Amino acid sequence: MAPKIFIDGEHGTTGLQIVERLQNRSDIELMSMPPEKRRDADVRTQFLREADIAILCLPDDAARESVKLAEGAGTRFIDASTAHRTHPDWTFGFAELADGQAAKIAAAQYVSNPGCYSTGSIALIAPLVACGLLPADYPVTINAVSGYTGGGKQMIAQMEDATREDAITAPYFAYALTLAHKHVPEIMRHTGITRRPVFTPAVGRFAQGMLVNLPLHLDLMTGAPSMGDVHAALSQHYRGSEIVSVVPLAESAGLARLDPEELKGTDRMKLYVCGTEGAGQVNLVASLDNLGKGASGAAVQNLNLMIGG
Ligand SMILES: NC(=O)C1=CN([C@@H]2O[C@H](COP(=O)(O)OP(=O)(O)OC[C@H]3O[C@@H](n4cnc5c(N)ncnc54)[C@H](OP(=O)(O)O)[C@@H]3O)[C@@H](O)[C@H]2O)C=CC1
Ligand SMILES: CC(=O)N[C@@H](CCC(=O)OP(=O)(O)O)C(=O)O
């Protein structure tokens, strides 16, 4: 029998994009509730308990509530929110994190989807820590820009409707100025870095896409590697992946700029190794769609692993 899938929050930004990706599939039964019932706890309880897998596309508190509402029913979960990303009982839903991670996701009852910035950050940092090139206490900085859909329905309205009292008119803005962005804990936990990274995110006036920059001083890394060594370590880690690719050094060297919308509408992620060989520095850049590999695409990738599809 086809597994029953319920998307709690199916009418929100992330939920709608998951529905789009799943609606024509015949190997699953997609459950759906009328939009006017989306905040009705009784109806949600019934759907959550009947589903084989529930995908939570809700604010953190509502996601925690959904898990409680299904208690004892055996429902498996994929949570797109921040609520469970550092919870020890939840499997981190980043299949490319390490050998064996995809198998852990496939067998898990509780899977937490990474945040969008975290996906790019962890993709760059984790393999370098694991192979020993990046010391765990390296003073990491991460600078990123996201499309405005990353802020969900509210930010979309603020960016697109100039008549709102809380409209945002800036073409680009920096935020999380207190350096306390909610993705920092999951980045630390799932990369193994021990010094809290300085993370400076920003939003641009484009809907979907993201660049995550990780600038590094090569002489502060173990053995003072070359750019080529860093590229080789990332390429080795992601060999064979159809979703995450490491751009050849020669191709990156010929680029004058990177476009955050490059992978808009896809579920892929590209990693660039930029800089000038011999100059002692490297800038690693992850390019992804915040709603693709950064959210909805990753949720579907995890679902496929969990149903063995
Ligand atoms: N947008 C992105 O790029 C990413 C988002 N995420 C995470 O995914 C989750 C969803 O985000 P996003 O889709 O952007 O958010 P949206 O605000 O676009 O959608 C959230 C949906 O959840 C519904 N909802 C809110 N509170 C409740 C509640 N108490 N009970 C039932 N339904 C509720 C909302 O209904 P209503 O319309 O009534 O408000 C809305 O349909 C969040 O945790 C977010 O942090 C993760 C990665 C990337
Ligand atoms: C542009 C923007 O506002 N982005 C969101 C993060 C989007 C994301 O990854 O979602 P999670 O909330 O699930 O972690 C933010 O910075 O809070």
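Student: Which helices each supply at least two residues of the shell around ligand 1?

Tutor: Helices (H or I, at least four residues) and strands (E, at least two) are DSSP runs, numbered from the N terminus. Here α1 (13–22), α3 (60–69), α6 (152–160) and α10 (292–307) each supply at least two residues of that shell, and α1 gives the most, with three residues. The model is predicted: local features need pLDDT of at least 70 and side-chain atom pairs count only at pLDDT 80 or more, whereas totals for chains, interfaces and linings use all residues. Residues are numbered from 1 along each chain as its sequence is written, while chains are lettered from A and ligands numbered from 1 in the order in which they are written.

Student: How many residues surround ligand 1, and which are the closest?

Tutor: A residue is near a molecule if its C-beta atom, placed from the backbone, lies within 6 Å of it. For ligand 1 there are 26 surrounding residues, with Gly12, Thr13, Thr14, Ser81 and Gly152 the closest. By class, eight are nonpolar, 14 polar and four charged; Ala, Val, Leu, Ile, Met, Phe, Trp, Tyr, Cys and Pro count as nonpolar, Asp, Glu, Lys and Arg as charged, and the others, Gly among them, as polar.

Student: Why does ligand 1 lie between domain 1 and domain 2?

Tutor: Domain bounds come from an automatic or database domain assignment. Domain 1 (4–114 + 295–307) and domain 2 (116–290) both give residues to the shell, so ligand 1 lies between them.

Student: What surrounds ligand 2?

Tutor: Ligand 2 has 14 residues around it, the closest being Gly115, Cys116, Ser146, Gly150 and Gly151. Two or more residues of this shell come from each of α5 and β9 (198–204). Domain 1 and domain 2 each contribute at least three residues.

Student: At what angle do α1 and α10 pack?

Tutor: Axes are lines fitted to C-alpha atoms, for helices over the stretch in contact, and angles run from 0 to 180 degrees between N-to-C directions. The axes of α1 and α10 are 9 Å apart, at an angle of about 45 degrees. The two helices are therefore oblique to each other; angles under 35 degrees count as roughly parallel, over 145 as roughly antiparallel, 65 to 115 as roughly perpendicular and the rest as oblique. Residues in contact have C-beta atoms, placed from the backbone, within 7 Å. The contact is made by Thr14, Gln17, Ile18, Arg21 and Leu22 of α1 with Ala295, Ser296, Ala299 and Val300 of α10.

Notes. Contact = placed C-beta atoms within 7 Å.
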